[in-house]
Amino acid sequence: MKSYATFRRHPLGEVVARMNDDRHPAQVVPFGRFGAGQWTGHPIGLFIVAGFVLIGLIGIPEWRWFFGGTVIVGSLFGYSLWRRSIHGARRMRRAARLGRRPLQLRCGACENERVNPWLIEAPAAAMIAAAGMTAYGAVYPRAQLFGPTICRTHSPRQLAITFDDGPNPAITPKLLDLLERYHAKATFFLIGRFARECADLAREIAARGHGIGNHTDTHPNLFWLAPSQITAELRLCQEAISKATGAPPKWFRPPWGYRSPQVIPLASALGCGTVMWTLLPGDWKEKPAEWLIRRMQPIATHAQRSFNNEKQIPRAKIALGMTAEGEAQRSASGSPKRAASASGDILCLHDGWHRQLDADRTRTLAALEHWLPRWRDLGLEFVTIDEAVRYSAA
Ligand SMILES: [Zn+2]
């Protein structure tokens, strides 16, 4: 039995360009040392995985299998490659230190000598980038990759407070009273099955002038659902809310904020705009109210900073000889940072819990009790999503 391989220097470790022996004729073995019977990779496998990623991104029906399969297989592949590159390089170094030769090396003209390591790395990099983009588009609250969402108000003076996972008989009535005390309007993203169970409460939320949105019927992770299942979830919730309040909601928030390429188009087909947030303080966590109050500090900080900027802008405008129209155009096409400072927050809190009714959200109440008067004194106006959007159109 003869066995020989050639190694090439590469940033990720030695690449075995060629390894022929009697049992493994002419195999391509990337990244490190592989004996007979060990795992051997072939660039074709990575191309298949990269293809799955692309098909998944295009979003053909039943795409979720491609997506799910690709993420799992892709991460296994990536992990395996990474382990092997590290492991292989380590074994090489150890062999060198001990003065042993890791494999019987012999050079010669061989059909596999011109293996290009980029055959492995380019698809792997594409795969990792595609997985990263997918994760960003699906999870990041302000990502617009999978469709347009509303994630801020159009004036730093306007704060849109939103509540998810209700209605909740244990908390929502108290919350409505608290909001009324500060003349605050908010938007409630209701779960359909709870809206059916507590139709009176849903009706009262609407009657008190708050906005109502769709938060699906049973609060599933829509990322893994087929288009027909997503539509069913949205439609059932639409019906439950329409029945309770007399009007279908115009806004939708995906559970946990998870979106797939289908979610936003399906919601807008039912007449709902998708609403995300700028701040998610994590009021569902079992932490003291003081912790939650601290986590809501960015609202006040952002408002103060924006109001200070507002005061400074006129002086800058005079200095630069800019007109009001010029400024409006500039801010319309301005940098994201500038746009962000000229917009207000959408705060995402929870008056319910998606698992069951009567969840304890007294910390959320306590934190609002603390902040509502302070926000009001800062000069913030509490608006519904309807109002926030109406102002931007005007
Ligand atoms: Zn939720």
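A residue is buried if 20 or more other C-beta atoms lie within 10 Å of its own, exposed if 12 or fewer, and partly exposed in between, with C-beta atoms placed from the backbone. In soluble globular proteins, nonpolar side chains tend to be buried together.

The model is predicted: local features need pLDDT of at least 70, side-chain atom pairs count only at pLDDT 80 or more, and totals for chains, interfaces and linings use all residues. Residues are numbered from 1 along each chain as its sequence is written.

The secondary structure of the protein consists of 14 helices and ten strands. Helices (H or I, at least four residues) and strands (E, at least two) are DSSP runs, numbered from the N terminus. Of the 394 residues in the protein, 36% are buried. Two residues are taken to be in contact if their C-beta atoms, placed from the backbone, lie within 7 Å. Among contacts with a separation of 6 or more, 74% are between residues 24 or more positions apart.

Helix α6 (199–207) has Leu201, Ala202 and Ile205 as buried residues. These cover an arc of only 100 degrees around the axis, which puts them on the same side of α6; the arc is that of the directions from the helix axis to the C-beta atoms. Asp200 and Ala207, on the other side of α6, are exposed. The buried residues of α6 pack against α4, β5 (187–190), α5, β6 and α7. After α6 comes Gly209, which has a positive phi near 90 degrees.

Helix α7 (residues 227–245) and α6 have axes that come within 8 Å of each other and cross at roughly 70 degrees. Axes are lines fitted to C-alpha atoms, for helices over the stretch in contact, and angles run from 0 to 180 degrees between N-to-C directions. The two helices are therefore roughly perpendicular to each other, on a scale in which angles under 35 degrees count as roughly parallel, over 145 as roughly antiparallel, 65 to 115 as roughly perpendicular and the rest as oblique. On the α6 side, Ala199, Ala202, Arg203 and Ala206 make the contact, and on the α7 side Ile241, Lys243, Ala244 and Thr245. By class, the residues of this contact are five nonpolar, one polar and two charged. Ala, Val, Leu, Ile, Met, Phe, Trp, Tyr, Cys and Pro count as nonpolar, Asp, Glu, Lys and Arg as charged, and the others, Gly among them, as polar.

In helix α4 (residues 172–181), the buried residues are Thr172, Leu175, Leu176 and Leu179. They lie on the same side of α4, as they cover an arc of only 100 degrees around the axis. Asp177 and Arg181 are exposed on the other side of α4. The elements that cover the buried residues of α4 include β4 (158–166), α6 and α13 (362–378). His183 follows α4 and has a positive phi, near 50 degrees.

Cys198 is placed in the loop between α5 (192–197) and α6. Cys198 is buried, with 21 other C-beta atoms within 10 Å. Beyond its neighbours within four places in sequence, Cys198 is in contact with Pro167 and Pro169. The C-alpha atoms of Cys198 and Ala244 are 8.6 Å apart, although the two residues are separated by 46 residues in sequence. Pro167 lies in the loop between β4 and α4, and a cis peptide bond with omega of about -5 degrees joins Gly166 to Pro167.

Two further non-glycine residues have positive phi. Asp165, in strand β4, has a phi of about 75 degrees and is buried, with 24 other C-beta atoms within 10 Å. His219, in the loop between β6 (211–214) and α7, has a phi near 65 degrees. His219 also counts as buried, with 22 C-beta neighbours inside 10 Å.
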